[in-house]
Structure formats: C-alpha cells, structure tokens
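Welcome, and please open your viewer. We will go from stop to stop, and at each one you will have something to select.

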Amino acid sequence: MQVPFLDLKIQYNSIKEDVDSAIQKVIDNTAFILGESVTNFEKAFAEAHNAKYCVGTSSGTDSNHLVLWSLGIKPGDEVIIPANTFIATAWGVTLCGAKVVLADCHPLSYNLDPEKVEASITKKTKAIVAVHLYGQPADMSKLQEIADRHNIILVEDAAQSHLAEYNGKKIGALSRASSFSFYPGKNLGAYGEAGAVLTNDEQLYQKLKMMREHGQSKKYYHDVYGHNYRMEGIQGAVLGVKLKQLGKWTDGRRKVAAKYNELLKDIEQIQLPIEMPNVKHVYHLFVIRVKGDVNNRGERRDKLQQFLSDNGVATGLHYAIPLHQQKCFEDLGYKKGDFPVTEQLAESGLSLPMFPELTDEQVTYVANKIKEYFSK
Ligand SMILES: Cc1ncc(COP(=O)(O)O)c(C=O)c1O
C-alpha cells in the first residue's frame, strides 16, 4: 500500500465544481488583486476565529513581517521566538532589522516554554512571537502574563493552527495580532501563495491595510511605509470555498490523530504527541518521537523513516535542523546544546502522514508497519 504524506488532489476533487466556478468568476471580473473575493474571505475568516478584523496578504512569511513591522519593531529591538519553528517566524523579525532571540520549547507541548522566555528577556526585548506549532496552541495565558509584566508585545504565528482553540477560545485573536499561512499544504491552503493577519485592534487594522498596499490610504497617497503584501483575487476565491469545509476537515484530522493514538499507544519506543489539557489541537502535523540516545544524531528515527519509506509510507521531518544550528544564524552566537528540548525533538521527531481524507485502512497500515518495525 502507498500512503502519501499529503494528498491535495482528493480534496480538490471533492470541491472541484465550486472552486472552478469561483476562480472563473474572478477571471470574468478581471479582479486579480484584492477585490470582492478577498474582502468576502477576510470577513468569513475573521468570523471563523471570533476576531474583529482580517487583512488578506501574500503569504504567511509576509504576514509575520507585517505584524511586527506594523507594531513598530525596528533595528536595535530584540524579539523572542521559539528555537523550534519554521524559519519564516524568524524572517518576520529579521525583515524589521531586529535581532532574533531564541527560547527553547516545552518538552510536552513542543511550544515556546514560558520559563525560557522569561529568562531571555532583556531591556531590548520588544516582542514575543508565540507559534502554535503543529496545530497545538502555545501557552498563551502564561506568555501574556509575562509580556504584560515586562511591558512587551505578544503576537501569534498561527500558520499551522487554523481553528485551533485555547481555553475554549479560537487562536488568532488571543494577542495583539496573529499571522496565518495559506500555503497549499496548510490546514487551509490556497492554490498559490497567500496569508492573513487577524487583530481586534481597529487602529492597527487600518494601518495593516495600508501597509500591505504600499502604505497608501488612497491610490498614490502614501501615508506610512509599506510594501506589496496584497492577496490575489483567485486565492481569496479558493479560500472562500475551502473555508466552508474547514470545520469538517479539522474533525477529519482529529479523527486520524485519535486513530494513530489508539493504534500506537502500546509501543514503548515512541512518544506520541500530547494534546495539552486546555487546548484543541488541529493536527497540522502528527509528530511522534523515537525514544533513545539524544546523541545518536537521529539515527534511530532515520532508520524507522527508511523502513516506512521502503514500505510505501511517506513521512516528514519538522524540523531536522533547529534555527540556532542553521548556517544563516551563525552570527547569533548560539551553539549546539543551547536548546536541548528543541535539539532532542530535531533528532527524534518524525511526522506521520496527516490529512483529513486518510482512510482507516491507511492509518492502520502505517501503525502496523511501525509495530512491525519495533517488534523486529
Ligand atoms: C510556523 C510557520 N510560520 C510561517 C510560515 C510561512 O508561511 P508561508 O509559507 O505562507 O510564507 C509557515 C509555513 O510555511 C510556518 O509553518
């Protein structure tokens, strides 16, 4: 049996008619940039997260930048982000000319560890970016308490966590502003590059709208610095159709996760993902950890990955090289050993196939192959 890591075609086939006609409408109206499809989507996406405002953008990376830039982050400032995240969280900081400061993740949630954040705060710290990694919300109450005490800004990178919940509330409107990615493989994916920013702050919303469009309040009147971070009409149209299915698809992901958990629970050699008690995890990724020697450089995990691959199961590594060990961040001065939890995850984490349309047979096949591997 072949089990892909992700299959976007199944999803497209299930909504083909609606998607095709929504795209055709944008073309018929030649409404290629922003326009009605984007405005409608913005409204629906904000509502879905109980947020007041949404600004559609050109990508999650651009949204990361826009959030921090609009909040005044500038050269000389420090911004704390998790060591365990996709590099685009860091680009939000570097594009503002500010310094990336990393903090380790929590051993159970794999998200920013509030204690480590507190220890990294200096006089120059201006913001914290909480990433809801793999679809699991970060510990927002503790992070907000720390941010308030030090008078710094808390924002969210929600690229992997559409519709996730923290203490019964949707993420995205739990901080000053949040950034989302609609990269095609995300829980809500466009048919190209796209992203969004959510906020409850009206003034910030007005600024974000200007900044994503050359800083203009009306055509050729540039009131503030900006850039071209606009969402394309076709992406707004596709996302509008897909958003209607997102609740159902999220339930599908949670069902797949529950099935993996049930089938794999007795395998001592692996650590299953832990859904923290006060959250609703939306399983953008289902990351297991292969237990064993931390200094084995991922050998145990790599062998399991190879075995699964030999048996038709595609898996992924998120993320095999932590940010502080990336070449581009050598100048930050970190070294191996600085973020032990992140490093352990990088060496032992393995992302299993995860998408809402995975069948019971496929999930059972993957689980049986993992069992077979460890019973050898
Ligand atoms: C945590 C995180 N932040 C930011 C991004 C950037 O999003 P995009 O690929 O839309 O630029 C991604 C995904 O790629 C991500 O996973």
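Where does histidine 324 lie? Select it and you will land in the loop between H10 and helix H11 (340-348); helices (H or I, at least four residues) and strands (E, at least two) are DSSP runs, numbered from the N terminus. Before going further, note that this is a predicted model: local features need pLDDT of at least 70, side-chain atom pairs count only at pLDDT 80 or more, and totals for chains, interfaces and linings use all residues. Residues are numbered from 1 along each chain as its sequence is written, and side-chain values use heavy atoms, with hydrogens and water left out.

**Around histidine 324**

Is histidine 324 buried or exposed? It is buried, with a relative accessible area of 4%; buried means under 20% relative accessible area, exposed over 50%, and partly exposed in between (1.4 Å probe, protein chains only). Now show its neighbours: leaving out residues up to four places away in sequence, histidine 324 touches Leu102, Tyr334, Lys335, Phe339 and Glu343, where contact means heavy atoms within 4.5 Å. With glutamate 343, the side chain of histidine 324 makes a polar contact of 2.7 Å. A polar contact is a pair of N or O atoms within 3.5 Å; within protein, one must be able to donate a hydrogen and the other to accept it, and residues adjacent in sequence count only if both atoms are side-chain atoms.

**Helix H10 and its sheet**

Next, select residues 299-310, which are helix H10. H10 lies across S14 and S15, at about 25° to S15 (axes are lines fitted to C-alpha atoms, for helices over the stretch in contact, and angles run from 0 to 180 degrees between N-to-C directions). These strands belong to an open sheet of 3 strands, in the order S12-S14-S15 with antiparallel pairing; two strands pair if DSSP finds at least two bridges between them. Strand S12 (270-271) and strand S15 (349-352) are the edge strands, each pairing on one side only. Zoom in on isoleucine 270 to find its bridge partner in S14, valine 290.

**The ligand**

Now select the ligand. Which residues come nearest to it? Of the 17 residues around the ligand, they are Gly60, Thr61, Asp157, Ser181 and Lys186; a residue is near a molecule or strand if one of its heavy atoms lies within 4 Å of it. Threonine 61 has a side-chain N or O atom 2.5 Å from a ligand oxygen, and for glutamine 160 the corresponding distance is 2.8 Å. A polar side-chain atom of lysine 186 lies 3.0 Å from an oxygen atom of the ligand. Taken alone the ligand exposes 380 Å², and the protein buries 93% of that (accessible areas come from the Shrake-Rupley method with a 1.4 Å probe; for residues, only the protein chains shown count as cover).

**Helix H7**

Move on to residues 202-211, helix H7, where Leu204, Tyr205, Leu208, Met210 and Met211 are buried. The buried residues of H7 pack against strand S1 (53-57), helix H3 (60-70), strand S9 (195-199) and strand S10 (216-218). At the start of H7, look for a side-chain oxygen of aspartate 201 that reaches to within 3.1 Å of the backbone nitrogen of glutamine 203.

**Tyrosine 229**

For the last stop, select tyrosine 229, in the loop between strand S11 (221-222) and helix H8 (233-243). Tyrosine 229 is buried, with a relative accessible area of 6%. Not counting residues up to four places away in sequence, tyrosine 229 touches Gly56, Thr57, Ser58, Asp62, His65, Leu66 and Arg212.
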